Amino acid sequence: MRQTSLAEGIYDLWIRTDLAAEARCGQFVAVYPKDKSTLLPRPISICETDRQEGALRLVYRVAGKGTAEFSRLKAGDSVQILGVLGNGFPVEKAKPGMNAVLLGGGIGVPPILELAKSLSCRKQIVAGYRDGNCFLREDLQRAACADLPGTEAAKGSAFWIATEDGSVGTRGNVMGAVAQNDLRPDILYACGPLPMLRAVKRYAEEKGIPAYLSLEERMACGVGACLGCVCRTVAVDAHSHVHHARICTDGPVFEAREVDI
Amino acid sequence: MNTKVSIAGVEFKNPVMTASGTFGSGMEYGEFVDLNRLGAVVTKGVANVPWPGNPTPRIAEVYGGMLNAIGLQNPGIDVFIERDLPFLKQYDTRVIVNVCGKTMEEYLEVVERLADTDVDMLEINVSCPNVKEGAIAFGQKAEALFAITSRVKRAARQPVIMKLSPNVTDITEMARAAEAAGADAISLINTLTGMKIDVERRQFVLANRTGGLSGPAIRPVAVRMVWQCANAVAIPIIGMGGIATAEDALEFLMAGATAVAVGAMNFVNPYATIEVAEGIEAYLRRHGIEDIREIIGCVK
């Protein structure tokens, strides 16, 4: 439908698809490049769902040939996708009265948007970036404040930014911003790079609160057959009968205590 | 029009199978593919006990193909017999179980466990390049291949297919060794050992460093090897390596394969097996060919 660039190498693509009707936050689609030298579909998380328009928003980073091809898609072009895949964030775990803290880091920020829109309890969002290119900042702010009274004070306590270079918000990572702003989560949801997810897991274990982490790995099939995208699990996985779960079909979201990352 | 082919007395409704490791145990693709339409489902490798496989990353994309280093992760023979086999037997398709092991005894244990089941054939995986011990050691020396083939043949109740590695100097030597030891059929090719380096990070992409190359990039090598083996042995051949379309499958059949398997392309197009089967039928109709067997090995 349309595509814009949000920051250097970060693209914002809206596609019209029937899959929008069933897509839930934290799920992903596999997008196929047209260039036959790049065979495998690219797993891209769902940033936002517009059920009325029947559209999905995919915000992704150009990481190689496949995503570079996607970045050239224009209104009217078509692209082949497989989906929706994965299980998404368990929004039902955030009970009314709880304070949910949503953490997104880098290209893990986009799925946090649809998650924020899907949670009805009180929520606080922290987005972490490398530098001042804080893509989706306004969208996240809006989603964080949607259910809040219109006071600036209330709005000021719903959304924070951390940047590695300190140009915006807290200098450092999302966990730094959680500490600096004295956020007190009852439940955590996170998507981002592995070091960040490890920090979230540690924090959740120290505080004794549940945390749901969205993981990523190089994938081939996306449907649980190739066993390429596994993560280590604490217990023996029910399907594989070893300490490996498939990120594509058993995840991509896991309870932090279940995975050994 | 006849699309049936027969291997070691087992009849297949059409020559299209799934390549081991690319189709799970069939369950994962049940949503996309009517398994009744396939000649056979060849399962992911099954060992005597659950295998955890290799660390990640296990997958790397390369030009026209992919590298994998899964390391034969599998839930083991008990789970296979209790969960996966009953699932597959609901369908009107043949079931070929890919058997893997690290030692002769491990292979034989799986073969013996399968003796009392109603699987149709066994495919012995002596060619996985991603497992350090055993496995490929049996597949790269003619004497070792002869030894394991004869032992498996003695233990097996079902016909035995030996899956050959292309990572050898002369694949016909291996084909002849398998035939001499009593193999009922051979399947080829398994993946070619490859490597990819991430130049930005100055690291191997795969945690295992090397992986098996599959996909259209390897197809010409596979077709050549099938043709060589077809000219070297009399036992039937199941051909595979980068098959994406009916035309690709026809190349293998014409080179001398009695059946074909779709592998990595299942990941690219979940409907690939069905499209290949339908495309072969369309080709036969278009050329007025009454029996698929007319084209098997027609290119001399």
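Setting aside residues up to four places away in sequence, B:Ile280 touches B:Pro15, B:Val16, B:Ala246, B:Ala249, B:Leu250, B:Leu253 and B:Ile292, where contact means heavy atoms within 4.5 Å. This is a predicted model in which local features need pLDDT of at least 70 and side-chain atom pairs count only at pLDDT 80 or more, while totals for chains, interfaces and linings use all residues. Residues are numbered from 1 along each chain as its sequence is written, chains are lettered from A and ligands numbered from 1 in the order in which they are written, and side-chain values use heavy atoms, leaving out hydrogens and water.

B:Ile280 is among the residues with the most contacts inside the largest nonpolar core, which has 146 residues; A:Leu103 and B:Met17 are others. Such a core is a set of buried Ala, Val, Leu, Ile, Met, Phe, Trp, Tyr and Cys residues joined through side-chain atoms within 4.5 Å. Buried means under 20% relative accessible area, exposed over 50%, and partly exposed in between, with a 1.4 Å probe and protein chains only. A second, separate core of 35 residues includes A:Cys145 and A:Val253.

B:Thr258 sits in the loop between helix 6 (246-255) and strand 16 (259-262) of chain B; helices (H or I, at least four residues) and strands (E, at least two) are DSSP runs, numbered from the N terminus. B:Thr258 is buried, at a relative accessible area of 13%.

The two chains meet through 29 residues of chain A and 35 residues of chain B. About 2500 Å² is buried between them, with carbon and sulfur atoms giving 63%; buried area is the accessible area (1.4 Å probe) that two parts lose on being put together, summed over both. In chain A, A:Leu39, A:Arg218 and A:Leu227 lose the most area to chain B, together 23% of what that side buries. The rule finds two salt bridges across the interface, a salt bridge being a side-chain nitrogen of Lys or Arg within 4 Å of a carboxyl oxygen of Asp or Glu. The side chains of A:Arg246 and B:Glu28 form a salt bridge at 3.6 Å, N to O.

Some backbone features remain. Most residues other than glycine have a negative phi, and most peptide bonds are trans. A:Leu227 has a positive phi, near 60 degrees, and counts as buried at 12% relative accessibility. The peptide bond from A:Gly251 to A:Pro252 is cis, with omega near 5 degrees.
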